[in-house]
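Please read them with the structure open.

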Amino acid sequence: MVTQPAPQTTLHSPEEYLALEREAESKSEYLNGEIYALAGASLNHSVITANVTVAIGLRLRGKPCRTLTNDMKVRTDPNGLYAYPDLTV
């Protein structure tokens with residue numbers, strides 16, 4: 001049996017990812033040097049996300065926290081993950 005070598009993956013620095021993301025027409029996420037294109041969500045996914053966002057947002061009224069939608073990029077650590085979570089508090 002012949003095994004195929006794994007395809008070479010080009011690793012990017014966080015700075016390279018952010019520069020590419022600023023110029024891109026679509027969103028992508030970054031994890032440990034690799035960039036992943038984001039696919040669109042299904043109707044059910046969007047409905048669930050909207051309902052959860054509203055429910056949590058109502059619970060946070062008058063409190064110092066707020067909800068943010070998936071248009072807000074989140075960095076979890078300087079070299080690891082940059083993502084667009086469905087909901088951030």
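**Notes on the model**

1. The largest pocket is lined by K27, E29, L38, A39, G40, A41, H45, S46, T49, N70, Y84 and D86. A pocket here is an open set of points on a 1 Å grid over the protein atoms alone, with protein on both sides within 12 Å along at least five of seven lines. A 1.4 Å probe fits at these points, and lining residues have an atom within 4 Å of one.

2. Some ground rules. This is a predicted model, so local features need pLDDT of at least 70 and side-chain atom pairs count only at pLDDT 80 or more, while totals for chains, interfaces and linings use all residues. Residues are numbered from 1 along each chain as its sequence is written, and side-chain values use heavy atoms, with hydrogens and water left out.

3. How much space lies in the largest pocket? About 260 Å³. That volume is the space filled by probe spheres set on the points, with grid points joined across faces, edges and corners. By class, the lining has four nonpolar, five polar and three charged residues. Asp, Glu, Lys and Arg count as charged; Ala, Val, Leu, Ile, Met, Phe, Trp, Tyr, Cys and Pro count as nonpolar; the others, Gly among them, are polar. Helix α2 (residues 43-59) gives the most to this lining, with three residues. Helices (H or I, at least four residues) and strands (E, at least two) are DSSP runs, numbered from the N terminus.

4. A41 sits in the loop between β2 and α2. With a relative accessible area of 51%, A41 is exposed. The cut-offs, with a 1.4 Å probe and protein chains only, are under 20% for buried and over 50% for exposed, with partly exposed in between. A41 and D86 are 45 residues apart along the chain, and their C-alpha atoms are separated by 10.0 Å. Both residues are in the pocket lining.

5. Now the sheet. It is open and antiparallel, with four strands in the order β2-β1-β5-β4. Strands β2 (34-37) and β4 (74-75) stand at the edges; each has a single partner strand, so one side of each lacks a neighbour in the sheet. Two strands pair if DSSP finds at least two bridges between them. Strand β1 (residues 28-31) and β2 pair over four bridges. E29 has Y36 as its bridge partner in β2, and S28 stands opposite A37.

6. Most residues other than glycine have a negative phi. N32 counts as exposed, at 54% relative accessibility.

7. Helix α1 (residues 14-23) lies across β1, β2 and β5 (81-83) and runs at about 180° to β1. Axes are lines fitted to C-alpha atoms, for helices over the stretch in contact (heavy atoms within 4.5 Å). Angles run from 0 to 180 degrees between N-to-C directions.

8. Is T88 buried or exposed? T88 is buried, with a relative accessible area of 17%. It is found in strand β6 (residues 87-88). Leaving aside neighbours within four places in sequence, T88 is in contact with R66, T67, L68 and V74.
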